[in-house]
Amino acid sequence: QQQKAKIFSDEENDSIWLCGVLDIIGVNDIYRKTCQKTNIMSEIIYTFKSKKSVYFFGSRCEGTFIPGDPQIDLDAMECDERMSVIEDIRKANLHRASLLIVTELETPAGYVKLQLVMKGVPCTYMHWPYLRSFIFIDFYKTDRLGRIVLFDLPTLNNVFMFSRSKNKPALKSENSNFDMVNSYRCKSWPHVANEWLSRQRVFGWPTDDTINELKSYGFFVVKKGHELSSEIDLEWRISFSHQERTLMFSLTDVQHKCYVVLKMINRDIIKLDYITSYHWKTCLFYVIEENNKDVWKKKSLFQSVKLCINQMLKWVKSGLCPSYFIPNDNLFAGKLNFRNKIFLENKLEYLLNAGFDCLFLLKSGNVCEYVKSRKSPNSSLLLQENSYTVFQEALSNISSCKIADACRVFNGKILKYYHRANGNIANFIKFLWIMLDHIKRIATITEHSEAETQRALSLLTPHIYTCLASNISSLAIKHPNPQVRNFLLFGSFTYFLKGGLSGRLKFISVLYAIGLYKECEQYLDQLDEEHITNNPSLCVCRIKSNDVTMAVNEILELKMSICIWFLPSELPITHDAMKYEIFKYVGISSTENNTTRLFYDWDVRAVVDSNVYFLFLKSEIKRKLGKLQESEGALCGICRLDCGQNMRHPDVAWNFLAWSASTDQMTDMALQCLQRSWQLMYPWELSSVLITEKKKWKQNQFNSAKIHALVILYHTWFAREPHSKTFCFQCFNGSRKTLLQCSKCKIANFCSLRCFMINMKIHTAICEIVSKHLYV
């Protein structure tokens, strides 16, 4: 009896210790809730103004993965709400197509076929002549009973290259950890799962309120046939992903930790393709339902893990892993042959016999190292410090997603209307007004609460206000009536202030455009320069691997900066140096299908980091006010910015510096800056969403440095404007000694014969042209 008490006591201590380690490596409520809230907000934003509902599922949404794990997939489901799925033909939509769920005696539990219904009539082979004009008829076939059933969905056609393995529901991106599942939804509870609603639950989990909530979600159907079915190509699987996510969100901290430990064991010890995290999730649901809540305490963590392993072992021995919502659906079907069964049994029995020692084999989160250093305070402290760093970076990365997603949705769903307006800025402004009003009036999106919906959509409003104010100001500046102009400019001021840092900087741009330099300085001085220049930067057209280095607190408080952009319609309020950026597409062929335009014509917008633009504005304003030392200091500040963490467009920063140097006739310095700008636009520095090397190379050409260079060359060769100092036309280095000069054009200088020989072929052609034009 004493021996049993000691074993139990050791297991309790081990469990409490393991809970502490899991907290340290990020398996805690902070990380879990951050993942859940962030993905829900992103889900709402992506569904906003869309014909399809977007849902995020899986470990990234649930927060059931170890922070810093690079192999975590992003699982998304896109549900086409326009095509309703019904189980009762009487509920068919008489005005549009529907999909009727049909099953036969031999149809496996949890799988269905979807028969096309037109005007309330189920379609059969006799309707083919009428259906030939149906737009997606290529995705329908006739089954063995003559019913016209859906057998496939169109593949996504966008910047990601998706492919779907045979009989797999997910479209997988070839170059990123992104899976997309297309689905349809039935808004009623499926008859085949009625047992789950009335199931006897001794321990009250889930609660009656939760059951009613899950029932209201209905169910999805996704493209997957049963592994052993003779009509595998025509079948669709009933999916309860929404219900499963809700249950995962409701787990206690210990239940959450138990599931993560099971996933680590499955990944690091079991390592078999035919048992997945979904099997363990199903196992966890059954174990929670069939055990007292007292099991789920910190001191019982490892006991709960063993309960799940024991349950899985029973299922393996019987060859039956029942789906949680449809028990007749065996999740082992087609996967667990005799050899696999014996092998998996041995693995599970080993885990039960090894007990707590099996943690020595867990590499995920460095758990094995924690176990080894358990009695070494110094080693444990070092591990904790490393884990804390990884946790903070991962938390930062997750938190920044909602800001990046808001930028993407604004670009993809709102800015695209600018191009549809075909230059009619009044229509675009009207559209922005309507959009703001719609956000204000909208109640809920999908099943989310009004508070969640408004909190998510509030991430879009600063972008809309800034864009609205910018376009109103651009129209106002050109208006001939001074009273109307002043009224519009004053009115736009309020909206600029609602746009955060971007709005304020663009407002200062308006003041600069109308020559109010003192007022520019006044508003500029109100901004926190230290915070702006050190602020982590985020831009959806430049996503880099070091995004995880952002400061967590700044992201959580939405203090990070996003890039500032100017549309062609905003030219009247755009600084001359920024205008070059709007035309950075010049010289790139537009005859072919330009798939590099990822975020709705990024290539015809001026985009710059807010910290770079702040310092550039400061330099120009101080220069206008005769404060040359402060102006130079601001330009030096641009050079000191970190091109990794807080600058996404270093090429633009160097183009700005080139423009300033050229303005001061420091041609050599300007050319050196432009050279640096091109060096920073190497394809591997660009966004990871650009799939092919060809696309990366093409986007690499969207650099206004070429326009800056052309202007400098014009001033040098044809306008023959003087330079502040003599420099070599090959290496751009200045020199106090007399340089070699071309005797023909009397413009080009070279610091050595070597530089002249390198440049000779280019210079000979230019020299011949220039010599014919003494004055332009």
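This is a predicted model: local features need pLDDT of at least 70, side-chain atom pairs count only at pLDDT 80 or more; totals for chains, interfaces and linings use all residues.
Colour helix α30, residues 753-770, while the patch is still selected, and you will have the element that gives the most to the nonpolar patch, with three residues.

Next, show helix α2, residues 29-47, together with helix α16, residues 450-457, and turn the view until both axes can be followed. Two packed helices are described by the angle between their axes and by the distance between those axes. Here the angle is about 75 degrees and the axes lie 9 Å apart, and since angles of 65 to 115 degrees count as roughly perpendicular, α2 and α16 are therefore roughly perpendicular to each other. To see which side chains make the contact, select Ile40, Met41, Ile44 and Ile45 on α2, and then Glu452, Thr453, Arg455, Ala456 and Leu457 on α16. The residues of this contact of α2 with α16 divide into six nonpolar, one polar and two charged.

From α16, move to Thr446, which is found in the loop between α15 (425-441) and α16. Most residues other than glycine have a negative phi, and most peptide bonds are trans. Thr446, however, has a positive phi, near 50 degrees.

For a peptide bond to inspect, select Trp205 and Pro206, which are joined by a cis peptide bond with an omega of about -5 degrees. Pro206 has its place in the loop between α5 (194-198) and α6 (208-216).

Finish with a pair of charged side chains, Glu62 and Lys281, which meet in a salt bridge with an N to O distance of 2.8 Å. This pair links distant parts of the chain, for Glu62 is in helix α3 (residues 59-62) and Lys281 is in helix α9 (residues 277-289), 219 residues apart. How many salt bridges are there in the count? The count comes to 37 salt bridges.

How values were computed:
Residues are numbered from 1 along each chain as its sequence is written. Side-chain values use heavy atoms; hydrogens and water are left out. Axes are lines fitted to C-alpha atoms, for helices over the stretch in contact, and angles run from 0 to 180 degrees between N-to-C directions. Helices (H or I, at least four residues) and strands (E, at least two) are DSSP runs, numbered from the N terminus. Angles under 35 degrees count as roughly parallel, over 145 as roughly antiparallel, 65 to 115 as roughly perpendicular and the rest as oblique. Contact means heavy atoms within 4.5 Å. Ala, Val, Leu, Ile, Met, Phe, Trp, Tyr, Cys and Pro count as nonpolar, Asp, Glu, Lys and Arg as charged, and the others, Gly among them, as polar. A salt bridge is a side-chain nitrogen of Lys or Arg within 4 Å of a carboxyl oxygen of Asp or Glu.
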